[in-house]
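Student: Could you take me through one part of this model in close detail? I would like to start with the surface and then go inside.

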Amino acid sequence: MAWALVWLIVGIALVIAEVVSGDFVLVMLGVAALFGAGAEVLTGNLVIDVAVFAVASVGMLMLVRPALKRRFLSGPTHHTGIDALIGARAVVVSTVDAEAGRVKLAGDVWSARSLGEHLPPIAPGTQVTVVEISGATAVVSAEP
């Protein structure tokens, strides 16, 4: 039973140490140590405890850790600068065609052009969607 306490203390210490490292290695080893503590309680055999710890460690480091890293480290992306304007709505200030025009976008007036050459001009007051930013020009598309 003394080994179960040792495994338990090691497991909890590793899980707590993970808070500082943030790399999902120590928490995997800590959980594996908790499996070792469970094996000690069930079997009372140190060799089985170490084997359970080893298998759980390898399994968690190879299978669980990559999934956790993908899940937690690839969180939502926040677009900034001109990337944040893609998909934004704007209002046409002066007629927009394939070559020129002006739109009010995010509180500023931008030069603009329509997405396609063969599309009809977009009248002032019409809401449009920004498809891309080309230099200092917003490429827009009329909303359906």
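Tutor: Happy to! A patch here is made of residues with over 30% relative accessible area and no salt bridge, and nonpolar side chains are joined within 5 Å. Keep in mind that this is a predicted model. On its surface, Leu5, Leu8, Ile9, Ile12, Ile16 and Leu34 form such a nonpolar patch, and together they have about 540 Å² of accessible area. Helix H1 (residues 2-21) supplies the largest share, five residues. Isoleucine 12 is found in this helix, and its relative accessible area of 43% makes it partly exposed.

Now for the inside. The largest nonpolar core has 14 residues, of which Val96, Val103, Leu105, Trp110, Val128, Ala138 and Val140 touch the most other members. Two or more residues each come from strands E1 (89-94), E2 (102-105), E3 (108-114), E4 (127-134) and E5 (137-142). Of these, E4 gives the most, with three residues.

With E1, E4 pairs in the antiparallel sense over three bridges, and glutamine 127 in E4 is the bridge partner of valine 91. E4 also pairs with E5, again in the antiparallel sense, over six bridges. There, serine 134 stands opposite threonine 137 in E5. E4 and E5 form a hairpin with two residues between them, and glycine 135 in the turn has a positive phi of about 65°.

Conventions: Residues are numbered from 1 along each chain as its sequence is written. This is a predicted model: local features need pLDDT of at least 70, side-chain atom pairs count only at pLDDT 80 or more; totals for chains, interfaces and linings use all residues. Side-chain values use heavy atoms; hydrogens and water are left out. Patches are made of residues with over 30% relative accessible area and no salt bridge: like charges are joined within 9 Å, nonpolar side chains (Val, Leu, Ile, Met, Phe, Trp, Tyr) within 5 Å. Accessible areas come from the Shrake-Rupley method with a 1.4 Å probe; for residues, only the protein chains shown count as cover. A salt bridge is a side-chain nitrogen of Lys or Arg within 4 Å of a carboxyl oxygen of Asp or Glu. Helices (H or I, at least four residues) and strands (E, at least two) are DSSP runs, numbered from the N terminus. Buried means under 20% relative accessible area, exposed over 50%, partly exposed in between (1.4 Å probe, protein chains only). A nonpolar core is a set of buried Ala, Val, Leu, Ile, Met, Phe, Trp, Tyr and Cys residues joined through side-chain atoms within 4.5 Å. Two strands pair if DSSP finds at least two bridges between them.
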